Amino acid sequence: MQGEHAGLLDENVEDQPGAPPAIRVRHLWHRYGNFDVLRDVSFEVGHGEIFGFIGPNGAGKTTTISIMATLLEPMAGRVEIDGIDVAIDPDEVRKLIGYMPDHAGVYDRISVREYLEFFADAFRVENIGVVDAVIELTDLGNLQTRLVSALSKGMKQRLQLARILLHDPKVLILDEPASDLDPRARIEIRDLLLELRELGKTVFLSSHILTELSDVCTSVGILEKGQLVIAGPIGEIAERLESRSRAAAHGHVEPASPAAVAAVAGSAAVAGGAAVAGGAPGSAGRSTQGGTAIPGTATKRLKLKVLGDARQVIPLVEGGGGVVAVEATAGGQVIISHTGGDRFIADVVRHLVGHGVMLVGVEPERNELERIFLEYTRGDLQ
Ligand SMILES: Nc1ncnc2c1ncn2[C@@H]1O[C@H](COP(=O)(O)OP(=O)(O)OP(=O)(O)O)[C@@H](O)[C@H]1O
Ligand SMILES: [Mg+2]
């Protein structure tokens with residue numbers, strides 16, 4: 001998947017001072033009957049970002065997306081795409097966005113190429129080379145004569161992405177683009193999203209599965225029961241968790257700062273960390289509490305693999321600074337829940353090796369998004 005994509009290329013778009021962001025959502029409310037589905041949701045997505053909109057079923061993701069895609073009018077608040085208000089100028093917004101709904105139907109009895117040519121006509125795309133460019137970009141070249149009905153789910157998803165690229169939109173809005181896809185198809189979609197970002201597109205995608213595509217996101221927003229819990233660049237949020245964790249270790253818990261891109265009402269309250277304070281969730285085996293579990297800190301997990309009985313590690317580690325809990329599993333694994341950083345890990349390794357433990361694996365928790373999610377949500381799924 002490389003080469004020229006004539007007519008598809010936006011030059012890399014940088015945020016210019018004063019230029020509107022790709023997406024701006026301000027104090028958005030929506031109600032079905034007498035049920036507030038969205039409650040004062042605010043966030044921004046910069047140009048060239050891949051923004052993951054994460055939340056459990058029923059959180060209000062599709063409702064937000066439908067408003068962004070001009071299919072639903074906001075009841076209160078504003079949504080702007082590249083500075084254009086969706087309620088004031090929906091036609092203009094439609095030219096700027098490529099929207100992929102969560103359950104897109106496809107016309108079955110035509111070929112992949114016919115399908116794309118049909119939509120290119122419908123979108124009044126003048127450039128005859130665009131269909132070819134889109135087929136190349138989405139790697140559908142070998143499938144272009146195949147009937148749409150004979151495509152796998154992953155291929156259909158790529159075809160949907162191809163369709164929404166035909167009019168060269170600046171902002172892609174994808175509702176659960178990877179749900180139901182197998183790992184290979186997911187990786188293909190992920191690579192395609194990265195390629196689209198290189199082409200200067202902004203990508204907004206929703207997901208209720210935390211790890212799904214999370215590694216491609218540059219920023220995330222977490223929605224829970226119609227309220228945005230936190231939003232911002234992943235690194236920035238992780239840093240805030242670190243500094244709160246350090247502050248808490250010194251006996252002073254800072255509330256979650258509202259200074260990130262948009263942390264709206266309730267964020268400080270939900271940062272209580274109930275989901276993490278109890279140590280490793282869902283883990284089995286012997287568990288001992290050591291040190292002081294500090295509610296509200298970012299607890300991370302460090303997985304160790306040792307030769308011999310893993311339980312030998314417990315007395316060597318528990319009670320140590322930064323250690324929240326230690327547990328040993330039958331498979332020779334030790335899981336240390338802790339509040340430390342890389343230095344903590346290095347110290348643990350040195351300490352254990354110094355005591356003759358035959359350490360064969362050290363695996364710090366890497367999924368920052370998972371940690372952010374646990375830290376900032378209450379686990380109240382509606
Ligand atoms: N047309 C509608 N009429 C009434 N209630 C609706 C309608 N559409 C959605 N809802 C309700 O609004 C809430 C949010 O729905 P929404 O589809 O936005 O959530 P979601 O985050 O996209 O969930 P999922 O992960 O299941 O797709 C849910 O409680 C849902 O039942
Ligand atoms: Mg949805």
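Helices are DSSP runs of H or I with at least four residues, strands are runs of E with at least two, and both are numbered from the N terminus. By that rule the chain has 12 helices and 15 strands. This is a predicted model, in which local features need pLDDT of at least 70 and side-chain atom pairs count only at pLDDT 80 or more, while totals for chains, interfaces and linings use all residues. Residues are numbered from 1 along each chain as its sequence is written, with chains lettered from A and ligands numbered from 1 in the order in which they are written.

Q: What makes Ala346 count as exposed?
A: Let's count C-beta atoms, placed from the backbone: a residue is buried if 20 or more others lie within 10 Å of its own, exposed if 12 or fewer, and partly exposed in between. Ala346 has 12 C-beta neighbours inside 10 Å, so it counts as exposed. You can find Ala346 in helix α11, residues 342–354. Val362 is 16 residues away from Ala346 in sequence, and their C-alpha atoms are 9.8 Å apart in space.

Q: Why is Lys225 called buried?
A: Lys225 has 20 other C-beta atoms within 10 Å, and therefore it is buried. Look for Lys225 in the loop between β9 (219–224) and β10 (227–233). Its backbone has a positive phi of about 50°, although Lys225 is not a glycine.

Q: How many of the residues of the chain count as buried?
A: Of its 382 residues, 39% count as buried.

Q: Why is α5 called roughly parallel to α6?
A: Two packed helices are described by the angle between their axes and the distance between the axes. Axes are lines fitted to C-alpha atoms, for helices over the stretch in contact, and angles between N-to-C directions run from 0 to 180 degrees. The axes of α5 (residues 153–165) and α6 (residues 183–198) come within 9 Å and cross at roughly 15°. That makes α5 roughly parallel to α6, because angles under 35 degrees count as roughly parallel, over 145 as roughly antiparallel, 65 to 115 as roughly perpendicular and the rest as oblique.

Q: Which residues in α5 and α6 meet?
A: Lys153, Gly154, Gln157, Arg158 and Leu161 of α5 meet Ala185, Glu188, Ile189 and Leu192 of α6. Two residues are in contact if their C-beta atoms, placed from the backbone, lie within 7 Å. By class, this contact of α5 with α6 has 4 nonpolar, 2 polar and 3 charged residues. Here Ala, Val, Leu, Ile, Met, Phe, Trp, Tyr, Cys and Pro count as nonpolar, Asp, Glu, Lys and Arg as charged, and the others, Gly among them, as polar.

Q: What makes α3 roughly parallel to α5?
A: The axes of α3 (residues 112–122) and α5 come within 9 Å and cross at roughly 30°. That angle is under 35 degrees, so α3 is roughly parallel to α5. The contact joins Val112, Tyr115, Leu116 and Phe119 of α3 with Leu159, Ala162 and Arg163 of α5. Its residues are 6 nonpolar, no polar and 1 charged.

Q: Which residues are around ligand 1?
A: They are Tyr32, Val37, Gly55, Asn57, Gly58, Ala59, Gly60, Lys61, Thr62, Thr63 and His208. A residue is near a molecule if its C-beta atom, placed from the backbone, lies within 6 Å of it. Helix α1 (residues 61–68) gives the largest share of this shell, 3 residues. By class, the shell has 3 nonpolar, 7 polar and 1 charged residues.
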